[in-house]
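Subject: Structure for you to look at

Hello,

Here is the structure I promised. Please open it first, then read my notes below.

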Amino acid sequence: MPGFTCTEEELRELARAVLERARRAGASGCDCDVSEGHGLSVSVRKGEPDTVEHNRDRSVGVSVYFGERPRVRRGHASTSDFSRAALEQTVDAALAIARHTAEDDCAGLPDAERLAKKLPDLDLYHPWKLGTEEAIELARRCEKAAFGASRKIRNSEGASVSAQQSQFVFANSLGFMAGYPGSRHWLSCSVIAEEKGAMQRDDWFSASRVPSKLAEPQALGRYAGLRAAARLGARKIATCQAAVLYEAPVAIQLLGHFLSAVNGANLYRKTSFLVDSLGKQVFSPLVDLEERPFEPQGASSTPFDEEGVATRERHVVRKGVVEGYFLGSYSARKLGMHTTGNAGGHHNLVLRSEGPDFEGMLRELGRGLLVTELLGQGVNMVTGDYSRGAAGYWVEGGEIRFPVEEITIAGNLRDMYKGIRAIGSDVLTRSGRTTGSILIDRMTIAGN
């Protein structure tokens, strides 16, 4: 394929060489991932090119196993060199590590019957033939539109454009070998507004596998500029308890906390407030969360996970009840369960969003806080206690009244999830997660 240094068959041949080296050395199992990628990233600040980066990456990761469960030893090594000598040295390094590693009763390859058999084309590869000058001009137009959005935009953190293409092959000694090319592109802009010595920043970005589906540069830049200008005049508010509306970009973070809480590693280590939550009411009955790994052109679409295990469409949460965890083979064995095909992460999570549009969500909020930015990392995943710095807007009578800053919102994720009152139709997809704005009925807002 254009831009790559290897064909898919050449990647497969490298994988075969790795597996054969491990087999001859007496390993009871082996898997490897062979990948390469290339791309262009540029940034512009105040109309001038700030950075130009051309990247070309290669990687081979090798895991080998000695013994059979429950007495398995594992070793892992990696290299960025595709030469046969380097591959042999990498396999040998993994073998040496495995020989000196303690036995683990849950290590090993996945169960063979769970490996992917059907490999649909999910239309994930859309290369962007973007030249350096063209990329700079796109970023420049984006930033210029941000400055043009308001006379209050006085400075910029820059506008960026990136075009990335990659391909990989994953193989293991159980006979699985598959891979595919993919693309990821994005456009972003961050600017600073100033008035009477006070400054506020805001940003926006767009990402897609398909270049033509990125936001139009001027529209994105203008929106980033308007967001920054709207935050000027922010004030503190008195400490109170009120409803909180999470704008869609920050609502995605609420999904992220849930993902972490039902991740296999946190569950078997008992470092999650949702241990033993399967089959239990965790959310408001409004919440339906689906995993859709076969979405064409999806950001996290894939027919198999990082172990070659088949992915599947499923309800993770139905009417507020948790129906699934996120497990790879290792964590599943630790929990006495089966892998869910999530080694390496989730695959396109979609929260059902059938509520009103954004203006309707403001009316549903009535009086309370609209959160547009979260600061800090004040989430205790063991207890669910939640305390984050925040900024946004105070809402009265279903309308935005003024921007607010230097506040903290606090609660417990258990109560917050059950207190979800509405999920807006103003959907946004980022990092393979799709949701609208989320309204929580009551939280503590710490201000003056």
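One aromatic cluster is formed by Phe168, Phe170, Phe176, Tyr180 and Phe304. This is a predicted model: local features need pLDDT of at least 70, side-chain atom pairs count only at pLDDT 80 or more, and totals for chains, interfaces and linings use all residues. Residues are numbered from 1 along each chain as its sequence is written, and side-chain values use heavy atoms, without hydrogens and water.

Now the ring pairs. The structure holds 11 aromatic pairs. Rings of Phe, Tyr and Trp (its six-membered ring) pair if their centres lie within 6.5 Å; planes under 30 degrees apart are stacked, over 60 edge-to-face, and the rest tilted. Phe170 and Phe176 make a tilted pair, 6.1 Å centre to centre with 50° between the planes. Both Phe170 and Phe176 are buried (under 20% relative accessible area; exposed is over 50%, partly exposed in between, with a 1.4 Å probe and protein chains only).

Phe258 and Tyr417 have ring centres 6.5 Å apart and planes at 85°, so this pair is edge-to-face. The pair links distant parts of the chain: Phe258 sits in helix H5 (residues 248–261) and Tyr417 in helix H9 (residues 413–418), 159 residues apart. Helices here are DSSP runs (H or I, at least four residues), numbered from the N terminus. Phe258 has 0% relative accessibility, so it counts as buried. Tyr417 is buried too, at a relative accessible area of 2%.

Best wishes

Conventions. Helices (H or I, at least four residues) and strands (E, at least two) are DSSP runs, numbered from the N terminus.
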